[in-house]
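Biologist: Please show me the model, and then I will ask about it piece by piece.

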Amino acid sequence: MGLDYKYTLNLPQTDFPMKANLTSKEEKILEWWESIDLYHYVLEQREGCPVFVLHDGPPYANGHIHIGTALNKILKDIVVKYKTMRGYRTPYVPGWDTHGLPIEHQVSLELGEKIKTMSPSDIRKKCEEFALKFVDVQREEFKRLGVRGDWNNPYITLKPEYEVKILEVFKALVEAGNVYRSTKPIYWCPRCRTALAEAEIEYKDHVSPSIYVKLKSVEEPDLFVVIWTTTPWTLPANVGIALHPDYPYSVVRVGKERWVVARQLLDAFFREVGVNSYEPVGELRGQDLEGKEFEHPLFEDRRSRVILADYVSMETGTGCVHIAPGHGEEDFVYGHLRYGLPVLSPVNEEGVFTEGAGKYKGMFIESANEIIVDDLRKKGLLVHASKVTHSYPHCWRCKGPVIFRATEQWFISVDKNDLRKRVLEEIEKVKWIPEWGKNRIRSMVEERPDWCISRQRVWGTPIPAVRCGECNEAILDARIIDHFLKFVEKEGADAWFERNLEELLPNDFRCPKCGSSRFEKMLDTLDVWIDSGSSFEYIVTREDHPFPLDMYLEGSDQHRGWFHSSIFLSVAKRGRAPYKEVLTHGFIKDELGRKMSKSLGNVVDPMEVVRKYGAEILRLWLASSDYFNDIKISMKIVEQQAEVYKKIRNTFRFLLGNLYDFDPERDKVPYDRLLPIDKWALGRLQEVIRLATEYYDSYEFSKVYNLIVKYCTVELSAVYLDVVKDRLYVEAKDSSYRRSAQTVLHEILLALMKILTPIMTFTMEEVYSHLHEKDRKYLTVQAEYWPEYREEFVDEKLLEDFERLLEVREDVLKALEEKRQQDVIGHSLDAEVILRPKNREIELLLEEYRDTLEELFIVSKVRIVEGDECEFKGNAVEVTVRHASGEKCQRCWKYSEEISWGDFPGVCPRCAAVLRGERR
RNA sequence: GGGCUCGUAGCUCAGUUGGUCAGAGCGCACGCCUGAUAAGCGUGAGGUCGGUGGUUCGAAUCCACCCGAGCCCA
């Protein structure tokens, strides 16, 4: 035939490439954002608009970002960008947490032995350098992910202006009287010689001695209580024996003695200690022995008193628990606080026994274990000794076992001034997403003990406390803090280490207890949770933000971490919660749902994903996941998103390509003149906008993702775009048929682009740059407004009709496939379709839309019959498929009986009219 | 050991108050097209809804227990 009408068609034209080349494209887009100062540009476009502040929780600056921090920052970015498009002014100031043990530890490893010759302020300088280096590293990595924020002006906890805020928050607590000095058993690492926070503890298996010891009653010399312990070295500090108040205890005769052991542990106990002949002779309750005294197993001049405690376990041991308030949290709470037993802790900071330990003085506690056991054996009080492997607290720094040791520390009283109660009230006012977050943080706040805030460490915010040189009183005074703050403003908190105490104290300062003016500087630093927990105070004053802040968004571990410290400090300083809404996400696991760890070799590096696939794919992966729970990642899972990305990208390419000649002002067709199929597509788009908005509002991004992916593949690619090709390509460029379709494609393009901007932030920027100039009001798509749901575009009846028409279409497609398998047809345009409606309703429907059926099914001819049965039985219609009669139009490929051979040979009447310029 | 959370096709997710709820997309298989072309279209095969009991006329959906995983504690 050789007749080529291709050049007469309006085929898509676009520079928008099919292949993304994300890695390099993203770099270019990042440069563009940099060049227009994206962050401030977008803020300027929302001048005077209501403000929405997502306050960034500061990551710890001691390494590269990992997949979890990437997840967190991308989620925040999606929220911020969505809110911007909804018309909010959305300042977003990233922050970093920079003080604390991990950095000090890493720096001390780098310095090695040299550290011993360095002054505290020299070590602090090294720590600062280290922290700022990783602030820079992480900043670049976060930016690379496409996160928009005030990167040139972040908040950093080591900066003087921030330290001032930490100390101001702290001062509020000091003034309110919530900070006190106390002896309390706390975790202590004898190797690092430091107090450890609960967060600095790791539980690992440890082999300990397991000994059963009997204590002799003072009143009845044949009566013994048997205790079990895995820390013999704590026995010198023993002052009590705890029994459960409710569970029954048996009195058992063993030889000439009577032993007290919990009834339900009797069998296990005697089996364990290898005693076969015993005889129960009585039973008692904990109350029966409450207050009774027993002889101390090691020191003859001391006694051990029975107390009751409901935490006593009936699972292991004897149900009688050795109490040493100086060496255990619960021992302290029950023994000291409830029963007033003394707190003994005759162990120095290196784990060596002191005076109070009598003959054991000078021994390292672990070496003393054996000797103590030996002494017990000699005294005939050792019932049994063996070894046990159990989970035991270890130091996160040196990995060695830690001990509980009573030391003098600064504490924040959680209950003074009803602080805890007020925090609990505030928790109720916050919106927790998901909802269970509220119960989680509530129970944590309800049960938490007082907050130990002092660290015997160099790298932190100094606690400006002094010790009286006369009476030895430790003094923390608001006046000292105020005076110190003047130095901090100018030179940072380093001043505490660098300046003389005379300068640091107000001139007339005297010891409130003895009036002395001789003081000694105390060098403890603050728990870093005070640093980060004070961030609300810094950001609110620096940016003049409305308080409370709108949202905090972190991993669910922060219910005990940052959300927790922030709300306590905020209630103390400002009387209310710092946030209105708290959104939490889960953790990232490998493809088998296991935790990521170096040892398992299943760690996915976010920057590796970025290098290999692009940040956009990482963002898309995140959007596809239900991040409220733990989510899985692996290169295979990421790869899947690369496929989805291509699909979405090609949809945009098609839309752009078919709008190359569409001027939105000139060519738009009014709604009432749109063809039915176009009206339907426009109506469906409204539904997509409505749902997407709903899902974004509830932060359910995976629902947005599923909605959009399905929309692009099913609704657009497989139906609407496929169907509308005929009109776009074949009809005259400026015809109403083509402009009608383009009008809707244009609406779809803009809406889809905007809906995806928070997630596919790079690609939508690229799409934006390919838009008609009249569609680009801003320099960046990020400043655009959210697509509007237009009710006037929703024709309910039409939408319902099309829902049924599409069911008919499914039947037709199945019938076509059957014939395709039989080689009757290839392309669907080869076919003529004969339909037999299953009922009157469908018959009327088909009649009504008679003129759109061929287009909708993409076939050459559709006939509707009543009588004869058809070959294919569908759900809505029966279908017979035949090869279309007539000849194939060389231009539009539809078969026609009236192919002309005049001016335009081989062409159907429609195409001939188009070519003659008669069809508009 | 305790508190909280999770467990639906190979993958990512839907499944409102228990009764067409066993679904979607991707991937896979087979085929079509060659005017979205390192694209596009069609058809199809995949799950006893972690397991076991129970409540109910009826449960992925309610209860109990168990298994597995995670976070936070001890």
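**Strands, a cavity and some buried residues**

Modeller: In strand E24, Met551 is the bridge partner of Leu54. Keep in mind that this is a predicted model.

Biologist: In what sense do E1 and E24 pair, and over how many bridges?

Modeller: Leu54 and its bridge partner Met551 in E24 give one place to look. Strand E24 covers residues 549-555. E1 and E24 pair in the parallel sense, and the number of bridges is two.

Biologist: Is Ser556 buried or exposed?

Modeller: Ser556 is found in the loop between E24 and helix H18 (562-574). Not counting residues up to four places away in sequence, Ser556 touches Trp436, Arg440, Thr584, His585 and Phe587. Its relative accessibility is 11%, and the cut-off for buried is under 20%. Ser556 therefore counts as buried.

Biologist: Let us turn to another strand. How many residues of E9 are buried?

Modeller: Strand E9 runs over residues 248-254 and is mostly covered. Of its seven residues, the number buried is six.

Biologist: Which residue in E11 is the bridge partner of Val251?

Modeller: E9 and strand E11 (residues 279-285) pair in the antiparallel sense over six bridges. Val251 has its bridge partner in E11, and that partner is Gly282.

Biologist: Which residue in the turn of the hairpin of E9 and E10 has a positive phi?

Modeller: E9 and strand E10 (residues 257-262) pair in the antiparallel sense over six bridges. In E10, Ala262 is the bridge partner of Tyr249. The two strands form a hairpin with two residues between them. The turn residue with a positive phi, of about 60 degrees, is Gly255.

Biologist: Why is strand E28 described as largely enclosed by the rest of the structure?

Modeller: In a regular strand the side chains alternate between the two faces of the sheet. E28 (residues 831-837) is largely enclosed because the buried residues number seven of seven.

Biologist: In E29, which residue is the bridge partner of Glu832?

Modeller: E28 pairs with strand E29 (residues 861-864) in the parallel sense, over four bridges. The bridge partner of Glu832 in E29 is Lys861.

Biologist: How far apart in space are Phe857 and Tyr60?

Modeller: Phe857 lies in helix H29 (residues 850-857) and counts as buried at 2% relative accessibility. Among the residues it touches are Leu835 and Val862. In sequence, Phe857 and Tyr60 are 797 residues apart. In space, C-alpha to C-alpha, the distance is 58 Å.

Biologist: What is the relative accessible area of His746?

Modeller: His746 is found in helix H25 (residues 736-756). Leaving aside neighbours within four places in sequence, His746 is in contact with Leu659, Phe662, Pro664, Lys668 and Asp775. His746 is buried, and its relative accessible area is 4%.

Biologist: Which helix gives the most to the lining of the largest cavity?

Modeller: The structure holds one cavity of 30 Å³ or more, and the largest cavity has a volume of about 40 Å³. Its lining is made up of Leu620, Ile648, Val704, Tyr705, Ile708, Val709, Leu756 and Ile759. By class, these are eight nonpolar, no polar and no charged residues. With four residues, the helix that gives the most is H24 (residues 701-730).

Key. Residues are numbered from 1 along each chain as its sequence is written. Chains are lettered from A and ligands numbered from 1 in the order in which they are written. This is a predicted model: local features need pLDDT of at least 70, side-chain atom pairs count only at pLDDT 80 or more; totals for chains, interfaces and linings use all residues. Side-chain values use heavy atoms; hydrogens and water are left out. On a 1 Å grid over the protein atoms alone, a cavity is a set of points where a 1.4 Å probe fits but cannot get out, and a pocket is an open set with protein on both sides within 12 Å along at least five of seven lines; lining residues have an atom within 4 Å of a point. Grid points are joined across faces, edges and corners, and a volume is the space filled by probe spheres set on the points. Ala, Val, Leu, Ile, Met, Phe, Trp, Tyr, Cys and Pro count as nonpolar, Asp, Glu, Lys and Arg as charged, and the others, Gly among them, as polar. Two strands pair if DSSP finds at least two bridges between them. Buried means under 20% relative accessible area, exposed over 50%, partly exposed in between (1.4 Å probe, protein chains only). Contact means heavy atoms within 4.5 Å.
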